[in-house]
Amino acid sequence: MTKGKVYLVGAGPGDPKLITVKGLESIKKADAIVYDRLASPRLLTYAKPGTEKIYAGKLPNQHTMDQEAINRLLVDLALQGKVVTRLKGGDPNIFGRVGEEASLLVDHNIEFEIVPGITSAIAAPSYAGIPITHRDFNSSFAVVTGHERPEKIDSTINWEKISTATETILFLMGITKIGYIRDQLIKHGKSPQTPVALIRWGTRVEQKTLIGTLETIVEQVEKEKFKPPAVILVGEVVKLREKLMWFENKPLFGKRVLVTRARSQASELADQIDDLGGEAVEFPVIELKQPENEQTLNELDKALQRLDSYHWIIFTSVNGVEYFFKRLRDLRIDIRTMQNARIAAIGPKTANSLEERGLVVVSIPKQFQGEGLLEEILPELEKGQHVLLPRADIAREFLPQELSKLGLNVTEVDVYENVICDHGLEEVLTYIDKNRLHIITFTSSSTVRNLVDILKKNGYDAKQYLRGIQIVCMGPITAQTAKEFGFSITKVANEATIESLIEAIKEV
């Protein structure tokens, strides 16, 4: 069997967007990923289907898998012919034991690459508003481990030299030894008044920064019960935080938001949440796909083959537009056959999707729902007109029913199906169980129903299990569905748009 290859990848400090392009490519091509607790779980969503994911996380004094076992695992997976990505927090070259892992790979003649990452030693202070260097304060810095190998009898850190050799000193993995570090620095020349910053979970929504001096910091750590993982920064540059603090000032800082809409739509919402300092957890409870039922497809195809007979074609979502045109392409139907139809759309996003395809939308309602659209086009409707409604299989019946009552001939076809998806449930349950999920967004009634169904199938009562988490809905219809399931709604977006939903989230 041909041997595989191992990528030893730095996943960055926590913010998943801080991974390098090459690091992300290594995740996407992997057959197996061996990852640590400091690597963002969101990075695993980029893995291809079927990728084996193995957790090798470590806690202080509590290893899920010891280093020797991890080294051996990488070799075993590669000998099976797999492409293996070893995903390590920060930069694997900085106290990440990458040398130990690579050494065993060399011993077994296994090809490998080391992919550097952004180290928490620089990223965490940066997100806390503390640049590592500033010409008014320092011209050098040192990065020191705060957690040497436990079997060492004597420390290899030359405290006498390191204490005064550089103006700024960073300690990684040193919180449990903060007292010892403080004592050694003062003993060997650092002033007790030297500023100190401790940054816990730097670059994440849990980021917490503790500011003190060498004289006060140990007492502060005990009082605040400040726990690992954290970066310790000692030096005058800490004084810049008050002026340069930026991440913690963002409107959604500290908020982790569940995005439940379909993956094809989730990225825009997730990106805006991230840009505002929150963390979006993508859990698409909806999967969209072309109808598979033969009868449903036949009815759709018949409707599309007589596009020239419709006076109106009404689109109620961007997804409806996407799948409508996809089926037209599959059937090789010329768009010019719908020249007799007037085009209406619910919402500006749907209208934009149509206009990008060269179609002029004659009507967009002020209220982005069926009731608003009907009110908008009512003066232009005539009894006997033919209307095509290309929609989802679970769409509301309001429009077809009301149009039929007015004497119009309505053809309602399913251009796509909305099915339940629970990929990524384990990560979401972990966040909920640890009280680390703050807001849930619902963008449609189906996102509400699907999440409730997924939780029910896994033994959870959604109303009780999600109690205490803020609920934000896009539009009154979605909110009404959520209320019917017993949820207490925190905020409802004024309009059924991502922009309005973001504004609602900011007000929570």
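**Entry 1. A first residue**

Is Asp271 buried, exposed or partly exposed? I looked up its relative accessibility, which is 35%, so Asp271 counts as partly exposed. For this I used the cut-offs of under 20% relative accessible area for buried, over 50% for exposed and partly exposed in between, with a 1.4 Å probe and protein chains only.

**Entry 2. Ground rules**

I note that this is a predicted model, in which local features need pLDDT of at least 70 and side-chain atom pairs count only at pLDDT 80 or more, while totals for chains, interfaces and linings use all residues. Residues are numbered from 1 along each chain as its sequence is written, and side-chain values use heavy atoms, with hydrogens and water left out.

**Entry 3. Overall inventory**

I recorded 19 helices and 23 strands in the chain. Both are DSSP runs numbered from the N terminus: helices are H or I with at least four residues, strands are E with at least two. Along the principal axes, the C-alpha atoms fill a box of roughly 95 × 55 × 45 Å. Of the 508 residues, 51% count as buried.

**Entry 4. Salt bridges**

I counted 31 salt bridges in the structure, taking as the criterion a side-chain nitrogen of Lys or Arg within 4 Å of a carboxyl oxygen of Asp or Glu. Side chains of opposite charge can pair when their charged atoms come close.

I returned to Asp271 and found its side chain in a salt bridge with that of Lys17, at 3.2 Å from N to O. Asp271 belongs to helix 9 (residues 263-275) and Lys17 to the loop between strand 1 (5-10) and helix 1 (21-29), so this pair ties together parts that are 254 residues apart in sequence. Lys17 is partly exposed, at 44% relative accessibility.

I next examined Arg72 and Asp76, whose side chains form a salt bridge of 3.0 Å, N to O. Both lie in helix 2 (residues 67-79), 4 residues apart, which means that about one helical turn separates them. Arg72 is partly exposed with a relative accessible area of 36%, and Asp76 is partly exposed at 31%.

Which residue does Arg86 meet in a salt bridge? The partner is Glu101, with 3.0 Å from N to O. This pair links distant parts of the chain, 15 residues apart: Arg86 is in strand 6 (residues 83-88) and Glu101 in helix 3 (residues 98-107). Arg86 is buried, with a relative accessible area of 0%, and Glu101 is likewise buried, at 0%.

I also noted a network of salt bridges that links Lys5, Lys22, Glu111 and Glu113.

I traced an open sheet of 5 strands in the order 3-2-6-1-7, with parallel pairing. Two strands pair if DSSP finds at least two bridges between them. Strand 3 (52-55) and strand 7 (111-115) are the edge strands, each pairing on one side only. Neighbouring strands of this sheet are turned by 15° against each other on average, direction ignored. The axes are lines fitted to C-alpha atoms, for helices over the stretch in contact, and angles run from 0 to 180 degrees between N-to-C directions.

Strand 1 and strand 7 pair in parallel over 5 bridges. I found Ile114 in strand 7 as the bridge partner of Leu8.

**Entry 5. Strand 21**

Which residues of strand 21 lie on one side and which on the other? In strand 21 (residues 439-442), Ile439 and Thr441 are on one side and Ile440 and Phe442 on the other; all are buried, and both faces are covered.

I then listed the pairing of strand 21. Strand 13 (residues 256-259) pairs with strand 21 in the parallel sense over 3 bridges, and Val259 has Thr441 as its bridge partner. Strand 22 (residues 470-474) also runs parallel to strand 21, joined by 4 bridges. Thr441 stands opposite Val472 in strand 22.

**Entry 6. Cysteines**

How many disulfides are there? With a disulfide taken as a pair of cysteine sulfur atoms within 2.5 Å, the count is 0. I looked up two cysteines: Cys421 is buried with a relative accessible area of 15%, and Cys473 is buried at 0%.

**Entry 7. A nonpolar patch**

I located a nonpolar surface patch formed by Phe95, Ile122, Phe141, Val143 and Met173, with about 400 Å² of accessible area together. Patches are made of residues with over 30% relative accessible area and no salt bridge, with like charges joined within 9 Å and nonpolar side chains (Val, Leu, Ile, Met, Phe, Trp, Tyr) within 5 Å. Accessible areas come from the Shrake-Rupley method with a 1.4 Å probe; for residues, only the protein chains shown count as cover. Ile122 is placed in helix 4 (residues 120-127) and is partly exposed at 39% relative accessibility.
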